[in-house]
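Open the model in your viewer and get ready to select residues. We will go from stop to stop.

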Amino acid sequence: MEILKAQRAGFCMGVDLALCKLNALIQQAEQRNTIFILGSIIHNPQVVREYAAKGVITVNSPDEIPAGSTVVIRAHGIAREIRETLEQRGIRIVDATCPKVTAACMQIKKHTANGRALLLYGEATHPEVQCLLSYAAGEALVFDSCQGCEQLNLDPAKQYCLAAQTTQDKDILQSIIDCLQQRKELDVTILHTICDATRQRQEEAILLADKVDFVIVAGGYESSNTRRLVQVVRAHGTEALHIESAAELPLDKLRHYARIGLTAGASTPKEIVNEIERVLTSLQEHNC
Ligand code: SF4
């Protein structure tokens with residue numbers, strides 16, 4: 001059995017930056033129980049548990065944060081209105097929004113300011129999508145597939161701009177663009193908001209899918225970019241399994257494959273990837 005690991009398996013720049021900011025804050029804080037995070041800092045349960053053990057409090061609503069506390073805005077960003085509410089309540093904000101998400105927000109703000117409606121390819125309930133939508137000046141339509149876009153009742157009398165959640169599938173986005181561009185009556189400006197980290201990880205996953213019989217994708221079940229890697233591998237006809245930890249590896253099944261690929265989402269700590277690799281390697285040694 002051979003094991004091939006993607007070079008970019010694990011943390012991206014945005015996640016690294018967010019955790020660096022949180023770590024620096026924890027080191028400086030006199031009382032850790034005054035540090036709050038609105039929603040999980042990243043979509044990885046092991047990382048969230050680690051920070052909870054250090055005294056950092058994760059809440060789901062801004063109402064749960066007392067005045068005088070510090071709140072860390074996670075890598076996915078936060079809706080504008082919620083940020084304003086926090087500021088009005090005198091809560092100190094440490095902004096750990098990924099610069100790529102901020103850049104996407106600024107593009108949306110700029111291009112919708114003159115009346116263009118936003119077409120957003122993303123998961124409607126995802127926190128990043130909520131953040132992106134809050135920067136659209138007017139009408140905004142969200143869809144999560146090419147079919148979803150085709151079903152929109154678009155008005156040729158209006159102007160539109162198309163953006164995507166930063167972690168969406170670049171190939172699906174391209175088919176959405178192709179589909180919109182075939183409709184010559186529509187005026188659509190394309191904004192390129194899928195981030196490089198996502199694009200590179202998806203490209204690597206496709207290369208891996210072509211070389212192996214089965215791909216393990218490690219990352220939180222809530223992690224959008226991890227789920228996307230699973231979809232990308234399966235779309236290329238290779239079996240894939242999404243797991244959060246090495247304990248979930250289906251060892252009996254895996255020992256029958258000649259080549260196994262390993263990749264991970266952008267919010268998966270390297271310790272988890274290394275542990276999965278270690279277990280796969282011991283399976284490989286056992287098989288020899
Ligand atoms: S996946 Fe991209 S957008 Fe998301 S945190 Fe990482 S670098 Fe930022």
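Start inside. Select Ala18, Ile108, Leu120, Leu132 and Ala163: of the 52 residues in the largest nonpolar core, these touch the most other members. A nonpolar core is a set of buried Ala, Val, Leu, Ile, Met, Phe, Trp, Tyr and Cys residues joined through C-beta atoms within 7 Å. Buried means that 20 or more other C-beta atoms lie within 10 Å of the residue's own, with C-beta atoms placed from the backbone.

A word on the model. It is predicted; local features need pLDDT of at least 70, side-chain atom pairs count only at pLDDT 80 or more, and totals for chains, interfaces and linings use all residues. Residues are numbered from 1 along each chain as its sequence is written.

Back to the largest core. Colour strand β8, residues 159-164, which gives the most to this core, with 5 residues. Strands are DSSP runs of E, at least two residues, and helices are runs of H or I, at least four, numbered from the N terminus.

Now colour domain 2 (13-98) and domain 3 (100-190). Both give residues to this core, so it lies between them. The bounds come from an automatic or database domain assignment.

Zoom in on Ile108. Beyond its neighbours within four places in sequence, Ile108 is in contact with Leu118, Leu132, Tyr135, Ala136, Ala163 and Leu191. Contact means C-beta atoms, placed from the backbone, within 7 Å.

Another core lies apart from it, with 23 residues, among them Val215, Ala218, Leu254 and Leu280.

Last stop: Ala197, in helix α8 (residues 196-211). Ala197 counts as buried because it has 20 C-beta neighbours inside 10 Å.

Notes: Buried ≥ 20, exposed ≤ 12 C-beta atoms within 10 Å, placed from the backbone. Contact = placed C-beta atoms within 7 Å.
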